[in-house]
Amino acid sequence: MVLLLAAVSFITFMLFQLGPSDPAAAACGQECTPERVAEARVALGMDQPFFVQYIDYMRGLFSSRMIGAPGAQTLCEWPCLGKSFQTNENVADIIGRSLPYTFSMAIGALVLWTITGVGLGLLAALRKGSPVDKFIVGAASVGVSLPIPVTGLFLLLLFVNQLHLLPFTTNEINSPFGPQGPGAWVANYLLPWIALAVLFSASYIRVTRTNMIDTFGEDFIRTARAKGLAPRTVTFKHGVRAGITPVVTMLGMDIGLLLGGAVLTEQIFSVPGLGFTAVHAAISGDLPVTMAITMLAAFFVIVANVLVDLAYAAIDPRVRLQ
Amino acid sequence: MTHTPLTQSLTRPASFTGATTDAFLDVRNLSVKFPTDDGLVSAVNGMDFALERGQTLGIVGESGSGKSVTSQALMGLLKGTSAQVTGQAMFQGKDLVSLPESAMRQLRGRNIGMIFQDPLSALHPFYTVGHQIAEAYLVHNKASKKQARAAAVDMLGRVGIPSPVQRFDEYPHHFSGGMRQRAMIAMALICEPELLIADEPTTALDVTVQAQILDLMSELQQETNSALILITHDLGVVAEVCDDVLVMYGGQCVESGPVDAIFYDTQHPYTLGLLNSMPTLNSSASQLNPIPGQPPSLLDLPKGCIFSARCQYAELAGDSVCAKQRPELTVEEGHGKRCHLSGPQLTTIRTSR
């Protein structure tokens, strides 16, 4: 896991070195003389060899370090992810500010699409071949083909512009425990949640349905029925537990991806989360910010995968270490 | 292996047609049809049989002859599916065919137990063996988890699993094939059902274990005086444990009767074919005698005798009656056959083979 993170950081770092943009020129602004660009380059530490830069950067993950041009150095407190080339702000602070927005958006969407996806998938599997099943499968096909910009803009137009049921998303709310309370938090993030849930639950419906149909055809389900167990016990205790593992895998992947920043959704709903911040940083060649968000996203994906493995072991005793 | 016939517990011999209505299990004209995209599949076509407590009935036939479907219909496992089950199956004054699912569920596990073919796939991989057995106990008994655990441990011991207290907390994948089937039997018997249906219980096991499992089932059956339906394609198994045999072909009973009558006074060319196809110790692999041809399509059963297309003696009946007319099941002295050939003709065939 640590090795994986090191590899991701190294590759990201290298890509920026090879990239066409010159952060020093960008940082010194317009009407910049070559001398000032050179000064800026020294101030940003970009005059150093690649490996020195990389090792300096990595050191900051473990301790505070001094940053800036010789003679004008400032302390970058741990965890030091560098300072923004654009605003000279500590990158850790930028991320700390963006993260609650991304978390707010991810958690609701996650709950919403897991419940609808697994619930409807299970219902379709139990009513296989019925009109209910056909309707759910049809709806899933439509949902999966609706990209976020389409659903997002449509939802904004309908609920905010036309019906005035919901407020436009504001930057002031990023936690259910804030002064505005959980109600305002839900109202603020409901539309992005729905937009994400429409897209994601569609694939969850299909995966759940297929796997549950397979599982309900298993011999051990017949055994459970032969014991005289109630249908609910057969379905949930014996069926769902056995058929849910692929959904857990998917969920793990998606959690990791989503926490890395739902770029499109954050753009459309103007949520200043990680994805939003990353896009702006990448466009302006703000290496430390992009770098940090990339590593964080990788970290989330890796953590999510570990969680999936743990969940697997909890569900399936055959996976457990003896 | 030794097998003690269970005749001492018999109150009345089984009869296959014209059974008295107060038989322990009385199946009349049981049919199962499955609608498919290609048409109606007639898996079981008018089965009649009866069974008493303490008796073992063997149902024999090739794959696809309707053995398992018959057992699933009796268990009510086809309720809630698209299968069309008709006829009657009286058990303890209740008709298993028309009984609603909720009432059937009360009988399952408690009054009718079932053992399946492949114990690895029939046991839930994610729950401990003990949990699954205790669960079967808890559905039908008002008991605490502790009592259920004690009952399950006791049952594991009774089916011959060593150190049952430790094995209780192990998962099916920790068990060997034979041990798994023992656990499966423990699960089916924990509520001491009066009727036990075993659907090819030894097919997935190796031969040495097969004999142990059959012995165990016979023993437990004697202890509880339950009725046993043993579904198998293994005539050796039938000879070992069954009192009565019912030979199925194309979803119909083609021959039925006491086990000795079936083996030594065979009255149907299909049964003869089955017996002939059994390899013996002094025959080499090149001397296997399979029945030529394939079982009939259940989508479109022939008008005449279902077996006529594969029967090498069909012309003996004359007037191509075998192809034209489906024979009725005729019963003489408890031995039923569904064949146009006369008894003396069949005796000649049997002795000349």
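Of the 322 residues that make up chain A in this predicted model, 40% count as buried. The secondary structure of chain A comprises 14 helices and 2 strands, and its C-alpha atoms occupy a box of roughly 85 × 60 × 35 Å along the principal axes. When contacts in chain A with a separation of 6 or more are considered, 66% of them join residues 24 or more positions apart.

Helix 2 of chain A, residues 23–28, has the lowest confidence, with a mean of 67, whereas helix 9 of chain A, residues 219–226, has the highest, at 92.

One pair of helices in chain A may be examined in detail. Helix 8 of chain A (residues 181–216) packs against helix 11 of chain A (residues 245–259) at an angle of about 160°, and their axes are 9 Å apart. Because angles over 145 degrees count as roughly antiparallel, helix 8 of chain A is described as roughly antiparallel to helix 11 of chain A. The crossing of helix 8 of chain A and helix 11 of chain A is right-handed. On the side of helix 8 of chain A, the residues that take part are A:F200, A:Y204, A:V207, A:T208 and A:N211; helix 11 of chain A contributes A:P246, A:V247, A:M250 and A:D254. Divided by class, the residues of this contact are 6 nonpolar, 2 polar and 1 charged.

A:N174 lies in the loop between helix 7 (148–162) and helix 8 of chain A. Is this residue buried or exposed? A:N174 has 23 other C-beta atoms within 10 Å, and a residue counts as buried when 20 or more lie within that distance; A:N174 is therefore buried. Leaving aside residues up to four places away in sequence, A:N174 touches A:P100, A:Y101 and A:S104. The C-alpha atoms of A:N174 and A:V271 are separated by 9.3 Å, although these residues are 97 residues apart along the chain.

Chain B has a mean pLDDT of 85, with 92% of its residues reaching 70 or more.

Helix 4 of chain B packs with helix 5 of chain B (residues 145–158) at an angle of about 115°, their axes being 8 Å apart. This crossing is right-handed. The residues that make the contact include B:I133 and B:Y137 of helix 4 of chain B, together with B:A152 and B:M155 of helix 5 of chain B. By class, the contact has 9 nonpolar, 1 polar and 1 charged residues.

The two chains also meet each other: 23 residues of chain B are in contact with 17 residues of chain A. On the side of chain B that touches chain A, at least two residues come from each of helix 2 (101–107), helix 3 (119–122) and helix 4 (129–140) of chain B. The largest share, 4 residues, is supplied by helix 4 of chain B. This side of chain B has 12 nonpolar, 6 polar and 5 charged residues. For the complex, the predictor gives an ipTM of 0.83 and a pTM of 0.80.

Notes. Residues numbered from 1 in each chain as written. Chains lettered and ligands numbered in written order. Predicted model: local features only at pLDDT ≥ 70, side-chain atom pairs only at ≥ 80, totals over all residues. Contact = placed C-beta atoms within 7 Å. Nonpolar A, V, L, I, M, F, W, Y, C, P; charged D, E, K, R; others polar. Axes fitted to C-alpha atoms, helices over the stretch in contact; angles between N-to-C directions. Parallel < 35°, antiparallel > 145°, perpendicular 65-115°, else oblique. Left-handed = near helix turned anticlockwise from the far one by under 90°. Buried ≥ 20, exposed ≤ 12 C-beta atoms within 10 Å, placed from the backbone. pLDDT = per-residue confidence, 0-100.
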